[in-house]
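Me: I would like to learn how to read a protein model. Could we go through one together, feature by feature?

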Amino acid sequence: MYTTGQFMKLAHVTKKTLRYYDEKNILKPSMVTEKGVRLYTDNDLAKLQQILLLKYLGFSLSDIKDMQVDDADKHFINNSLNIQLKLVEDRIEQLQLVASTIKEATEKIKANQDIDWTNLFDLIHVNDLDSALKNQYKNASNIMARINLHKLYSTNKQGWFRWIFEKLELKKGQKILELGCGAGNIWVENINRLDKDISIVVSDISDGMLRDARREICVENDNFSYVVCECEKIPFEDNTFDTVIANHVLFYCGDVEAACREIHRVLKPGGRLVCGTYGKNHMLEVSQLVSDFDDRIVLAAEKLYDIFGKENGEDILNKSFDKVEWYQYEDSLYVTEAEPLISYVLSCHGNQNQYISDHYKDFRSFMKKRLSKGFYITKDSGIFIAEKKKI
């Protein structure tokens, strides 16, 4: 335990700053004695590090409060540091772009050429960038929470991304398009299994996620190119790709059938769409668990499998494709620690934060008790492989 004075020296902050963070419910001491002595722990240091780093990157205290989780368990600290690293790398890329644009402007001045001042102003006014980084922080945190839970506790040790890669059946000389790449995990986990003669276009609607994928896959890998695009509007000519991958993506599309038609258009005759999705039984036990804590909690505003899932996906795909088959991924989760499952719950697209944020410690205690002897979770997921008719 550290006194306020000791904590100030360790973190290089003032007493006024600590009191202000306390008043704003951003960082409170772990203990206040009967005599009013405020005591902090190493976990509080980890939280303060996160606050100061995000503040350094330009986020407001209101943003930081939204981006924090009231937990300093090593699982959350590790996730937080990984996401902070991505934010720093994004900020470096932005500053490098500003620097190169300024250099270009000075060279044009020397050569008596006109300068595109609009471009410079657009780069310097970074409000939109801050908003994008905040959204990316949340998106990356959510994706990491989901992937980590499955990595840690899946009973099928092959792993989802290696299983999908085998189902792709890639061949030399093929052209591949991935829609909604996220962090590029399919390629990161199978990079050593790729043939050098395969060309892969990695795409996402989020420029931030695409930057993450580029860094994770490796910028200098000649197999890959990167494009920002939507599933309903793919910027490639007809009959371009041998395979299109849409891993847990189609149910996020505003018009799933339009996306399927667009994918069909860019596939070569005989080409295949490989798309992952869920069934109605997927992770059912998690929904029941959080409902036991508070029956007002709904983890998803809409059921993704109702939009495009195991039960209705074949009918949707049959409208655009000539042959459709479902492949079940046999797996389940057996979770023995509360923190990764808490991360997963907080990452969902429902109303859970409305009811958990003010009762987080109660929720954490509830989860630890319920998971003390292990917790089984059904996984109901797989892929459709849809084929375009050969000429």
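**A loop residue, then strands, a helix and a core**

Reply: We start with Asp 197, which lies in the loop between α9 (185-188) and β5 (199-204). Keep in mind that this is a predicted model.

Me: Which residues are in contact with Asp 197, leaving aside its neighbours within four places in sequence?

Reply: They are Lys 172, Gly 173 and Gln 174. As for distance, the C-alpha atoms of Asp 197 and Lys 171 are separated by 8.6 Å, and these two residues are 26 apart along the chain.

Me: How do strands pair in a sheet?

Reply: Strands of a sheet pair through backbone hydrogen bonds, either parallel or antiparallel. Here, β1, β3 and β2 form an open sheet in the order β1-β3-β2, with antiparallel pairing. Its edge strands, β1 (2-3) and β2 (31-32), each pair on one side only. Between β1 and β3 (residues 38-40) there are two bridges, and Thr 3 has Leu 39 as its bridge partner in β3.

Me: Which strands pair with β12?

Reply: Strand β8 (residues 267-278) pairs with β12 in the antiparallel sense over seven bridges. Strand β9 (residues 323-329) also pairs with β12 in the antiparallel sense, over seven bridges. In β12, Ser 381 is the bridge partner of Tyr 278, and Gly 382 is that of Gln 328.

Me: Why is β12 described as largely enclosed by the rest of the structure?

Reply: Strand β12 covers residues 381-387, and six of its seven residues are buried, so the rest of the structure largely encloses it.

Me: How many residues of helix α15 are buried?

Reply: Helix α15 (residues 338-347) has ten of its ten residues buried. Among them are Glu 339, Pro 340 and Tyr 344.

Me: What tends to happen to nonpolar side chains?

Reply: In soluble globular proteins, nonpolar side chains tend to be buried together. The largest nonpolar core in this model has 29 residues, and those with the most contacts inside it include Val 244, Ile 263 and Phe 321. Elements giving two or more residues to this core include β4 (175-179), β8 and β12. Its largest share, five residues, comes from α11.

Me: What is Ile 263 in contact with, leaving aside its neighbours within four places in sequence?

Reply: Its contacts are Leu 179, Ile 234, Val 244, Leu 250, Leu 273 and Phe 321.

Definitions and conventions: Residues are numbered from 1 along each chain as its sequence is written. This is a predicted model: local features need pLDDT of at least 70, side-chain atom pairs count only at pLDDT 80 or more; totals for chains, interfaces and linings use all residues. Side-chain values use heavy atoms; hydrogens and water are left out. Buried means under 20% relative accessible area, exposed over 50%, partly exposed in between (1.4 Å probe, protein chains only). Helices (H or I, at least four residues) and strands (E, at least two) are DSSP runs, numbered from the N terminus. Two strands pair if DSSP finds at least two bridges between them. A nonpolar core is a set of buried Ala, Val, Leu, Ile, Met, Phe, Trp, Tyr and Cys residues joined through side-chain atoms within 4.5 Å. Contact means heavy atoms within 4.5 Å.
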